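This report describes one structure for a reader who is new to the subject. Please look at the sequence and the model before reading on.

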Amino acid sequence: MEKTFPNLPVAVRNWIGRQLFEAVPNNIVVIDRDYRVILANSNFKEVFGKAEGKHCYQAYKNRSAICENCMAAQTFEDGKVRINDEAGFDRNGRPAHYVVHIAPVYDETGRVAYVIEMSYDVTENKSLQKEYNILFERVPCYVAVINRNLQIVRANEKLRDTFGETLGEHCYEVYKNRSEQCPDCPALKTFADGKPYQSEQVGIAKNGEITRYVVSTALVSRSGQDFSHVVEMSADVTALHELSAKLLQESNFSKLLIGNTLDAVVAVDASGRVNIFNRAAETLFQVSAKEVIGKSKGRRFVPREFLDLIQNGGNSLKLEESMVKNAAHEEIPIRFSGSVLRDGDKVIGGAGFIQDLRERKAMEQELLENERLAAVGQTVAQLAHGIKNILTGLQGGMYVIKSGLKAGSQPRIDKGWDMLERNVDRITVLVKGFLSFSKGQVPEVAFTNPNAIAKEVFQLYRDTAKQKGITVRFLPGKALASAYMDAEKIHTCLANLVSNAIDACQTTENQDCSVTLDVKEENDTIIYEVADTGCGMEYEIKNKVFTTFFTTKGLGGTGLGLMVTRKIIQEHGGKITVHSNPGKGSVFRIELPRRRLPQPQTGR
Amino acid sequence: MSKKNIVLVDDEADVITFLQTVLEDHGYATWPAINAAEGLKLIKEHKPDLVCLDVLMPEESGISIFQKIKTDPDFQQLPVIILSGLNLSQDLEQVQFRKLADGTILPAPEGILEKPANAEQFLALVDKILG
């Protein structure tokens, strides 16, 4: 040291000589030719423990004999400086990686008497590298390092698993089974301009399955100087592709379904603007989808209730009967079923299915007509039987009068006269009912107040009922607007119901039996309710009341009343229902939606 | 000579009145019933010379009464006239209403008359059976 630094101050020389030995952040040991540690600095001792007196192999590696290829041994031979990468164990037994510099120390005879080993710990670096390796190997995408010849020099586990052992092969062979490079090779582009590229590729896995992946390329330097390699990282998107293919298929299927369904499908967005309008909708409304989608408001095509439902964040709406207007302003009866569409919680619009009921209406009409004809046939048979009985009564009446005249008996004459009267009445009632049922005419409507008809019926029956000890009550609707109705026919219906109710009261044991005729309006529908506290009806009877010639009144009834009533109500676009409790009474309810009432015939 | 007794069963009062007047005017005694139960009771009580039955009645039909009469040893000789608005004569002749559950076929009723029947027709039939 005196020779090397002749001009250094003594203090510095001393510091270098003693303290540098301790201060350098390296482990330093001095080993003699017996590989025995004669001096170790405290850094060394911190890592490997107390070392002086031990053999180096003992100190570093806890071995009992000299290491194979011992670097120090070679330096003892040739005096060369060596650098080596070693692995050993620290004083706690944990693996330690260190890089060792081995330098000779010559004695006076020129022989290498000692070597100095200066090592620094690279354990941390090594583990980083290991982590990097694990990452490289285990990352769930294909990673390959390729050289300028497009040969794979490194491939990770997933790549090897999927495409097979690959080292040295060309990437296009490995990924795609090709014999030449791909026309759109991103790696070549990266080699050319150094920029990263990304593209989607289709490959063939070693099991022969089509594999889709998105590849990203980036330049890497392996030697630390030139950028001689490209790393390709590829994410497998096969599953994604399958999913999107499936989605596409499903979307095509829905499109096909919407396009070809016989129901009109109209969808609107949250603002009520039309965004789906299928072929059936074009036919129904007589406008083309082009004129409508994105342009028109949905209120032209779907019921207002549905748009309100979308606005108010409801769920679904079903209307058994509603009306829409086509481009020619014709009213079309429809059935509507709609659902509000949501994306998460947000309402994004609604889709409605609109079924054209015209054909069905026509069929219903036809069916009704057929039922009516069948009923007419049945009536003729029943009528004949009924008339035979009535005729017998008439003949009987005549005979009894004749017999009374012969015998000069006034009571007998009166009896015969009563028989005549009774049977003439019966035949009148029967024929009237039959006629009004067989007439299939359009109601002759006039602007009428719903209360007025009910009031007339009430006045007609009030007194006769009272004589029989039955109270009839009338509850007129408040502020009911007039409507187009066939007053005479509605009168017939209400009269039928009220007279039935009175009959029901007469056949009950209930005292204080009463009949209530109630008129009201709910949801733009005129409602008549006739309730009685009479005998009520069994289920079987209830199911038959509106069908042909059903009567529980023996020869007192024609069986036509409720059938006629139902027909009239249907002709007014309404319906009639019955709720009954045997022994407690019945409620007949007529519902006449205002918008379905017949319009007055014009130009006739 | 005592009057011949005739039981009349029909659910229609007017028919009963008619038949009663016809028969009484011509010297018969009548026992009217408006249903089957009442009719059967009268038959047992009065052992009539003739029974006149309507077919369609609410509780029990005239056919049922007819079968009861013709299967009862005490009454099987009792003549029966069936009087109905239904077109029955053919059916009755074709045994449909005379065939019992055990397969026995009863003899035809002594008289069948379709409504509407006039007084003369009815009386002629009664006279023929009882004469």
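The model is predicted. Chain A contains 18 helices and 22 strands. Of its 604 residues, 28% are buried. When contacts in chain A with a separation of 6 or more are considered, 50% of them are between residues 24 or more positions apart.

Chain B has 131 residues, and 38% of these count as buried. Its secondary structure consists of five helices and five strands. Along the sequence, these elements of chain B follow the pattern β-α-β-α-β-α-β-α-β-α. Among the contacts in chain B between residues at least 6 apart in sequence, 61% link residues at least 24 apart.

## Where the chains meet

On the side of chain A, 17 residues are in contact with 15 residues of chain B. Two elements of chain A give two or more residues to this side: helix 13 (358-407) and helix 14 (410-438). Helix 13 of chain A supplies the largest share, 11 residues. By class, the residues of chain A that touch chain B are five nonpolar, nine polar and three charged.

## Nonpolar cores

The largest nonpolar core has 38 residues. The members that touch the most other members are Val7(B), Leu8(B), Val9(B), Leu19(B), Val51(B), Cys52(B) and Leu53(B). Several elements each supply at least two residues of this core, including helix 13 of chain A and, in chain B, strand 1 (5-9), helix 2 (36-46) and strand 3 (50-53). Helix 1 of chain B gives the most, with six residues.

Leaving aside neighbours within four places in sequence, Val51(B) is in contact with Val7(B), Ile43(B), Ile69(B), Leu78(B) and Val80(B).

## Two pairs of packed helices

Two packed helices are described by the angle between their axes and the distance between the axes. In chain A, the axes of helix 15 (residues 450-467) and helix 16 (residues 487-506) come within 9 Å and cross at roughly 30 degrees. Helix 15 and helix 16 of chain A are therefore roughly parallel to each other. Their crossing is right-handed. Helix 15 of chain A contributes residues to the contact that include Ile453(A), Val457(A), Leu460(A) and Tyr461(A), while those from helix 16 of chain A include Ile490(A), Leu494(A), Val498(A) and Ile502(A). The residues of this contact between helix 15 and helix 16 of chain A comprise 12 nonpolar, two polar and one charged.

In chain B, helix 2 packs with helix 3 at an angle of about 25 degrees, and their axes are 10 Å apart. That angle makes helix 2 of chain B roughly parallel to helix 3 of chain B. The crossing of these two helices of chain B is right-handed. In the contact, Ala36(B), Gly39(B) and Leu40(B) of helix 2 of chain B meet Ser64(B), Ile65(B) and Lys68(B) of helix 3 of chain B. The residues there divide into three nonpolar, two polar and one charged.

## A mostly covered helix

Helix 18 of chain A spans residues 561-571 and is mostly covered, with nine of its 11 residues buried. Among the buried residues are Leu562(A), Met563(A), Arg566(A), Lys567(A) and Ile568(A). Gly573(A) follows helix 18 of chain A and has a positive phi, near 75 degrees.

## A buried loop residue

Where is Asn156(A) found? Asn156(A) sits in the loop between strand 7 (152-155) and helix 6 (157-163) of chain A. Asn156(A) counts as buried because 20 C-beta neighbours lie inside 10 Å.

Not counting residues up to four places away in sequence, Asn156(A) touches Phe136(A), Glu137(A), Val139(A), Tyr142(A) and Val143(A). Asn156(A) and Ala144(A) are 12 residues apart in sequence, and the distance between them in space is 6.5 Å, C-alpha to C-alpha.

Notes:
Residues are numbered from 1 along each chain as its sequence is written. Chains are lettered from A and ligands numbered from 1 in the order in which they are written. This is a predicted model: local features need pLDDT of at least 70, side-chain atom pairs count only at pLDDT 80 or more; totals for chains, interfaces and linings use all residues. Two residues are in contact if their C-beta atoms, placed from the backbone, lie within 7 Å. Helices (H or I, at least four residues) and strands (E, at least two) are DSSP runs, numbered from the N terminus. Ala, Val, Leu, Ile, Met, Phe, Trp, Tyr, Cys and Pro count as nonpolar, Asp, Glu, Lys and Arg as charged, and the others, Gly among them, as polar. A residue is buried if 20 or more other C-beta atoms lie within 10 Å of its own, exposed if 12 or fewer, and partly exposed in between; C-beta atoms are placed from the backbone. A nonpolar core is a set of buried Ala, Val, Leu, Ile, Met, Phe, Trp, Tyr and Cys residues joined through C-beta atoms within 7 Å. Axes are lines fitted to C-alpha atoms, for helices over the stretch in contact, and angles run from 0 to 180 degrees between N-to-C directions. Angles under 35 degrees count as roughly parallel, over 145 as roughly antiparallel, 65 to 115 as roughly perpendicular and the rest as oblique. A crossing is left-handed if the near helix is turned anticlockwise from the far one by less than a right angle, and right-handed if clockwise.
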